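We will hop from stop to stop, picking residues and looking at what surrounds them.

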Amino acid sequence: MGSLKEIHAAHAAEAKRRYLEARNPAEGAEDWRFGLSEARKVLVKALRASDFLADVPTALRSSGSHMLALRHFLAPPISQDQFKLICPAWPKASEKSGNPVGDANAVAVAATFNEWRNRRLTLWLDDERKPTRSEIREVLLALSPLIAAQTVATSRRNRLASKQEQAVVKILMDKGWTRLPSSLIDRRAAVPTKHFMHKTRFATATATPQEVDVACGLRNTMVLAMECKVTNDETNSVKRINDVLKKAEAWRTHWGSFVVTAALLEGVIAAKDVERLIDNKIQVFWSHDLDAFSAWLDEHV
């Protein structure tokens with residue numbers, strides 16, 4: 001038997017093999033069709049909410065989610081982080097949450113949007129008129145693939161991560177554990193031994209609690225914080241692993257050894273990223289070897 005890092009490097013290779021084996025052109029094509037359809041809906045909703053981009057503040061006051069479409073009207077289309085750099089007033093979290101953007105911030109975002117928008121693609125704004133059908137068609141043809149390319153990979157990853165979470169929940173239920181309603185974990189013993197919460201939050205020293213996929217009550221009032229992570233490639237794995245490390249540090253700072261962080265991994269993950277988890281004393285498990293997770297639980301309750 002090799003070292004812990006060698007063992008997990010072998011698991012990473014096996015996870016990659018299984019991920020590639022599960023991919024197929026028919027499923028990919030179906031995901032792409034769905035992604036394009038959803039992207040068109042996102043664009044149409046944003047156009048209607050903003051009076052065809054003539055009134056961006058009103059659209060944002062109704063829902064920050066319209067920024068997904070608006071960012072792609074820029075020349076060039078830019079990421080959330082890049083838009084936040086050029087428009088610090090933008091509440092970035094509102095795009096994912098869909099929360100309304102306040103008046104002053106919405107006006108600031110609109111000003112930045114108008115400064116950076118793709119003028120060739122939005123000629124009707126400079127002409128102070130409504131867009132023609134052909135102009136709307138051109139927008140949908142040009143921007144739908146850009147949005148879909150991002151969302152297809154995310155939707156596949158989220159679908160697999162949901163399966164991971166359900167697999168963990170099934171193991172716990174089969175062992176006779178008790179499921180508790182999700183609530184903020186802000187004290188020791190909030191999750192008793194052999195009890196668990198799915199999709200809950202841990203209080204931290206900062207103002208923002210950190211969400212965890214599954215919280216499992218262990219002996220001595222300890223809690224296992226299980227993060228389920230699927231990655232599509234080794235570049236993506238850096239972001240997913242960084243997310244686990246960030247949460248683990250926040251929990252360790254606030255709770256000390258009371259919270260044990262774990263990562264259930266699947267997909268294409270670089271061995272060096274798995275090593276970062278191990279070096280930070282995070283328990284590493286694999287979707288293709290859930291028996292190891294089951295045995296670990298039995299040893300800690």
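Select Asp-51 to begin: this residue sits in the loop between H2 and H3, where helices are DSSP runs of H or I with at least four residues, strands are runs of E with at least two, and both are numbered from the N terminus. Its phi is near 55°, a positive value in a residue other than glycine. Asp-51 counts as partly exposed, at 37% relative accessibility; buried means under 20% relative accessible area, exposed means over 50%, and partly exposed is in between, with a 1.4 Å probe and protein chains only.

A word on the ground rules: this is a predicted model, in which local features need pLDDT of at least 70 and side-chain atom pairs count only at pLDDT 80 or more, while totals for chains, interfaces and linings use all residues. Residues are numbered from 1 along each chain as its sequence is written, and side-chain values use heavy atoms, leaving out hydrogens and water.

Jump to Lys-194, in the loop between strand S2 (184-185) and strand S3 (195-202). Lys-194 is not a glycine, yet has a positive phi of about 65°. With a relative accessible area of 36%, Lys-194 is partly exposed.

Next, select Ala-75 and Pro-76, whose linking peptide bond is cis, with omega near 0°. Pro-76 belongs to the loop between H4 and helix H5 (80-86). For context, most residues other than glycine have a negative phi, and most peptide bonds are trans.

**Zoom out**

Now show the whole chain as a cartoon. The C-alpha atoms fill a box of roughly 70 × 45 × 30 Å along the principal axes. Of the 301 residues, 44% count as buried.

**Helix H1**

Color residues 4-22, which form helix H1. This helix has 19 residues and reaches 27 Å from its first C-alpha to its last, close to the 27 Å expected at 1.5 Å a residue (the expected span is 1.5 Å times one less than the number of residues). Show the side chains of His-8, His-11, Ala-12, Ala-15 and Tyr-19, which are buried. Looking down the axis of H1, you will see the buried residues fall within an arc of 105°, so they line one face of the helix; the arc is that of the directions from the helix axis to the C-beta atoms. On the other side of H1, Glu-6, Leu-20 and Glu-21 are exposed. The buried residues of H1 pack against several elements, including helix H9 (133-174) and strand S5 (223-231), contact meaning heavy atoms within 4.5 Å.

**The largest nonpolar core**

Which residues of the largest nonpolar core touch the most other members? Select Leu-53, Leu-60, Phe-73 and Phe-83, out of 32 residues in this core. A nonpolar core here is a set of buried Ala, Val, Leu, Ile, Met, Phe, Trp, Tyr and Cys residues joined through side-chain atoms within 4.5 Å. H9 gives the most to this core, with six residues. Center on Leu-60: not counting residues up to four places away in sequence, Leu-60 touches Met-67, Leu-70, Pro-100, Val-101, Ala-106 and Val-109. Apart from this core lies another, of 20 residues, among them Val-168, Leu-172, Trp-177 and Leu-218.

Buried or exposed: what do you expect of Glu-135? Glu-135 is found in helix H9 and is buried, with a relative accessible area of 12%. Among the residues Glu-135 touches are Trp-124 and Arg-129. Turn to Glu-115 in helix H7 (residues 103-116), which is exposed at a relative accessible area of 59%.

Select helix H10 (residues 234-255) together with H11: their axes come within 9 Å and cross at roughly 10°. That makes H10 roughly parallel to H11, a label for angles under 35 degrees. Residues of H10 including Val-238, Ile-241 and Leu-245 meet Asp-273, Arg-276 and Leu-277 in H11.

Finish on helix H12 (residues 290-299), where Leu-290, Phe-293, Ser-294, Trp-296 and Leu-297 are buried. Seen down the axis of H12, the buried residues fall within an arc of 160°, so they line one face. The face turned away from that buried side carries the exposed residues Asp-291 and Glu-299. The buried residues of H12 pack against H9, S5, S6 and S7.

Definitions and conventions. Axes are lines fitted to C-alpha atoms, for helices over the stretch in contact, and angles run from 0 to 180 degrees between N-to-C directions. Angles under 35 degrees count as roughly parallel, over 145 as roughly antiparallel, 65 to 115 as roughly perpendicular and the rest as oblique.
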